[in-house]
Amino acid sequence: MNRKRSASIYSAVNTLLVLPQAVVLACLSAMVHAHGSDMDDSYHDLESIHVFGRKPMLGEAISASEGYVDQDAIEVRPLLRTGEVLELVPGMVVTQHSGSGKANQYFLRGFNLDHGTDFAVLVDEMPVNMRSHGHGQGYTDLNFLIPEAIQSLEYQKGSYDASIGDFSSSGNAAFTTASRLDKGLAKITLGQDAYQRGLLMDSVNTGTGDFFYALEKQGYDGPWTDVSEDIDKTNVWLKYRQPLAGGDWSISLMGYDNQWNSADQIPERAVASGQIDELGSLDDTVGGKSDRYSINSQWQSANLSLSAYAIRYNMNLWSNFTYYLDDSDNGDQFEQVDHRWIYGGQIEYRQQSELAGVVASTRIGADYQLDDIDEVGLYHTTERQRLGTIRSDAVTQQSLGLFADTTLYWNEQWRTMIGVRYDYFDFDVDSRVDVNQNGVDLSANSGTADDTNLSLKSSLVYAPDQNREIYLSIGQGLHSNDARGTTIQVDPADGSAVDAVDPLVDSIGYELGVRGLIAERLNASLVLWQLDLDSELLFVGDAGNTEATRSSRRQGIEMTGYLNLTEAWNADLEYAYTRARFRDSSDDGDYIPGAPESVAQAGLTYIGATPSAQPWSGSLRMRYIGPRALLEDNSERAGSNLVLNAATQLELQSWQFGLEVLNLLDSDDHDIDYWYESQLAGESEAQEGLHYHVMEPRTVRMSAALMF
């Protein structure tokens, strides 16, 4: 099939975008006008009802955009990259502009989250977002996850949960990993472009508890014309879990190691001139290496939860986005370095009481995190060899969060939640170099800073009956800025004076939504939301300096529907529209560059009732991202993109055989687009233009697995 999309396919996409709205709105209309349910009057009965891996959350959610996904929904989803598991969060888009070993690009609610800023991610209560990271604030690398070993994913859009602090403005997601398996799994996957993956995982009951292990090894060269990604990824998970002191205790070890070469974004003009093709590169020596090792312990009883962790993390990343703009002789390649230890933990106490017929459920807790960063640095390089230091710092950053919330169940129909959170942050930056390659004395950029934040959360929930709930939520959130930005005095590029950033940036979000469960078959929701961010300064890791932005407002509507068509067939539809604008008027324009306006996902899944009678299962998924502004005046826009992925699996006794076809239509749409200035070799001056990363062509992967 020709990789250029025909007009008929785009017409079909437009139809698909209308269908989710019409179907979900019709379902919600039925929810509002439906009569009472035949279900039991207890919300606890609803906890056992999952509409194919999606828990309705009735009776426990504090907002309409909160959700829970289990392994049933994860295991049938075809994935090109590990990070795409976050697309189980409705409205979330996960793409890539560089090599597969690097953290993905994330888009949600009109945010180009870059690699994770403003969306908090946790794994077994360990933070994944990296503060003051060498590449970008909130850097969220999920390559250490093993999708088959994820037990569940809980998510919430908006900042309405008092227990979540940093990076929570647009939402948060918490992964829980498996502790016990019904059967072990040994799996081999082979695919085009030298894709190879091996997985071995099982659990063993020791008599006093369960010991779980998972081992993953992956290699991949990629489809690129002049770059072999040469991915060499290893994951090792070990976990032991047992009853202890009236609660449940676990200790886990995770080890991740990866190295890769990158095919970065490319300028459109280089493709148009024939200098390279869409799968080509202008610098074939960029790439990276990264490792992450952690130990984590958790203990939980009916009223008390405790957790503690230690993480060792390293990254070296080589990139070149402007080619010869700054250095016409050696090029603009640079290396970003991050070597750190992270220590932390959380304590949470829960109490339920009743007074005058009103049930109160209260949480009180605290969390602490210390980032001891040996080096966070930026170097000028060529072919991965250092030519000079732009800046290099040692950073100590710590935070303490205190939170409390109370949910009051006034009667069977009404409940309210009010919460409060206090955060304290402390930053200590020590420059590791006196004078950099540009002759700038960086000693003035050493220093200390601290800041505090008090945020309030509240929700009002009304349940007309046991199958429907209406939510009104409001919450303040925050994200921390890079520690280096809080103490900066001089620009490493030219020594000019620059303003330090605000250590903490406030946000406030509002949400009105409804969710319902119809006939125990359709789990649907509709949400209207708004999110305001204060004026802020951002530290730019690629340049080592600060960049000013204006205050912003994002408003949107989200609709979801998950339907059990039959015992074997399931369908889902998700649609999100966002209007993202700067609030302060400017001649430059008010559009927020890179903010997606329309996002849609749809899926059709078949699961046989029993492997012996119906051994087949399969899934077909569509993801669509609409056009979006690339400049503040909306004069340049990125086009839409559409991708279809398919997977099928045959289970015969103890064997599983799988087939995945990723990018089924062989689309050459763009994974991501940027508009900026660069200069190619041989060009006499810089040129502004489109830079993009094309989707990987259609690829086929086959797997064989033994269950034991």
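Buried means under 20% relative accessible area, exposed over 50%, and partly exposed in between, with a 1.4 Å probe and protein chains only. This is a predicted model: local features need pLDDT of at least 70, side-chain atom pairs count only at pLDDT 80 or more, and totals for chains, interfaces and linings use all residues. Residues are numbered from 1 along each chain as its sequence is written, and side-chain values use heavy atoms, without hydrogens and water.

Start in the loops. Helices (H or I, at least four residues) and strands (E, at least two) are DSSP runs, numbered from the N terminus. Asp 277 sits in the loop between α3 (268-272) and β15 (287-300). Its relative accessible area is 37%, so Asp 277 is partly exposed.

Leu 88 occupies the loop between α2 (71-75) and β2 (93-95). Leu 88 is buried, because its relative accessible area is 2%. Tyr 68 is 20 residues from Leu 88 in sequence; C-alpha to C-alpha, the two are 9.4 Å apart in space.

Now the backbone. Most residues other than glycine have a negative phi. Ala 356 is not a glycine, yet its phi is positive, about 55°. Ala 356 falls in the loop between β17 (334-355) and β18 (358-382). It is exposed, at 79% relative accessibility. Asp 666 also has a positive phi, near 55°. Its loop runs between β34 (655-662) and β35 (670-678). Asp 666 is buried, at 8% relative accessibility.

Finally, a strand. Ser 392 belongs to β19 (residues 385-409). Ser 392 is buried, with a relative accessible area of 1%. Its side chain makes a polar contact with the side chain of Glu 375 (2.8 Å). A polar contact is a pair of N or O atoms within 3.5 Å; within protein, one must be able to donate a hydrogen and the other to accept it, and residues adjacent in sequence count only if both atoms are side-chain atoms.
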